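Subject: Structure handover

Hello,

Here is the structure for your files. My notes on the helix packing and the sheet follow below it.

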Amino acid sequence: MDTETKFIFMGDPQCSRISGKDNDYSQWEGLLRKALSRFDGENALVVLGGDLVNRADSEAEWTAFFEVVDRIRAEYDVTFVSANGNFSSQGGYENRADFRSRFLLPGNGPYGCEDRFYSFDRGCAHFIVLDSHMMGDPDENAYKYIGAWIKHDLAKNTRPAVFAVMHHPAYTLGTSFDDDIRGALIRKNYMKLLYRYGVDLILCGHQHVYCRTGADAQITQIMGVSGTKFFSSKDEKYMSYIAENVGAATLIRANPCTIKAETCDSAGHLIDELTQDVRWPKPRKCGSCVNFSRCGGTGIVELEEMQAKAKREGLPWERAYTGGLLVDGRQYTDQQLRDLPHVSQKFSLWRRNRQEHEQIEGIKLTALVPDAKAILAISDDGDRRAFRMSDIKTAYCFGQNSEPEAVDAVIYEENGPGSRYRLAFGQREDHQYNGRQWIRHISEIRTFDPDEWLRY
């Protein structure tokens with residue numbers, strides 16, 4: 001293991017669309033060349049914070065970006081790495097052959113997201129590259145799955161310095177409500193985990209301002225921008241240094257004891273520097289795993305069990321846990337469910353013994369299981385409810401501006417497309433319509449014969 005690791009970090013390289021120069025990467029190229037000149041012929045690692053292009057469906061932008069990458073690779077011994085950005089991810093850049101042939105993608109991430117999360121070692125440093133889109137998902141199951149992989153990866157690490165790379169910042173500048181919400185979720189769900197497992201520095205981009213956090217941040221974060229697209233900051237409470245309207249490259253050196261970062265602008269002028277100690281030795285016990293006695297604190301058993309579930313359902317984990325529905329062994333994606341008959345019908349679901357209702361758009365249960373005599377519904381947390389179809393034939397929902405319509409039961413997405421499913425039905429008793437919310441977060445439906453009732 002080398003005693004020192006040196007690499008370049010650069011935030012979003014994308015160009016400004018306002019200037020009309022979507023394909024002009026000349027400033028980014030010049031900035032990168034100045035940074036590479038400090039490597040003296042040795043292999044250089046260039047870590048990018050995502051958003052390589054403005055429009056993922058623009059082949060002209062990809063061509064212009066890759067032309068610069070190819071010129072650099074022809075002249076320097078360089079390895080490129082990039083986090084998944086919100087613009088460059090629109091077209092699934094990790095699936096592009098031209099990207100895969102030029103960028104490091106170890107493919108060692110969690111099942112279904114092998115190239116969106118991954119890690120690698122470089123000298124005395126360990127790098128963990130994260131997809132901040134998925135980390136900003138409020139779904140608890142997504143957090144558990146990603147968290148299990150992070151624990152698994154970092155628990156195995158033997159390198160003293162640890163860098164986490166992602167696109168969106170955990171500590172934001174107040175320029176976007178969506179960014180602030182995502183940052184709050186990342187801090188709430190992942191910051192303690194990353195800190196506990198020894199991450200020393202977070203590297204990110206997205207908000208198009210160069211800045212570095214201060215003492216209020218649990219882990220120091222450097223946010224970079226290297227292209228020609230700039231924004232302004234509004235909330236600086238987490239920051240100890242901010243530089244607006246400047247493209248920058250950060251040269252980072254790490255040894256087993258110390259991390260030093262020097263940030264320069266396109267003219268080569270030093271605009272910021274950081275020196276901090278490496279936290280070593282790294283902690284090994286998570287103490288939060290429900291299977292702690294089995295996994296020894298590494299989270300490995302937890303991760304393997306969750307990946308096995310995803311593989312059984314035949315889908316990447318984000319579909320297995322945050323979307324889709326398993327019906328008698330067949331997995332329906334969200335889109336397939338929306339393509340079923342009656343999915344576009346709107347119903348008014350009345351609350352129990354109250355004259356108020358909720359407008360929903362759903363699928364008739366019989367559209368999924370037309371010949372069923374009884375069904376078993378299973379929720380994400382393992383809750384199991386069984387009932388005869390004849391018992392819900394009296395269930396009613398109400399067509400908008402119409403008489404009550406018998407629709408058996410309705411399955412609908414609780415908070416809109418991509419969320420988890422709910423089964424709802426009501427009963428008609430003496431002309432009073434008693435709506436009944438029955439079971440939430442459905443992940444699976446099985447049909448069975450009523451003679452087998454005692455099984456459930």
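Predicted model: local features only at pLDDT ≥ 70, side-chain atom pairs only at ≥ 80, totals over all residues.

Residues are numbered from 1 along each chain as its sequence is written, and side-chain values use heavy atoms, without hydrogens or water.

Helices α1 (residues 26-36) and α2 (residues 59-75) pack at about 20°, their axes 11 Å apart (axes are lines fitted to C-alpha atoms, for helices over the stretch in contact; angles run from 0 to 180 degrees between N-to-C directions). Helices (H or I, at least four residues) and strands (E, at least two) are DSSP runs, numbered from the N terminus. The angle makes α1 roughly parallel to α2, a term for angles under 35 degrees. On α1, the contact (heavy atoms within 4.5 Å) involves Trp28, Glu29, Leu32, Arg33 and Leu36; on α2, Phe65, Val68, Val69, Arg71, Ile72 and Glu75.

The sheet is open and mixed, with seven strands ordered β4-β5-β6-β7-β9-β8-β10; two strands pair if DSSP finds at least two bridges between them. At the edges, β4 (118-122) and β10 (239-243) each pair on one side only. Twist averages 15° from one strand to the next. Helix α5 (residues 140-156) packs on the sheet, touching β4, β5 (125-129) and β6 (161-165), and its direction makes about 165° with that of β5.

Regards

Terms used:
Parallel < 35°, antiparallel > 145°, perpendicular 65-115°, else oblique.
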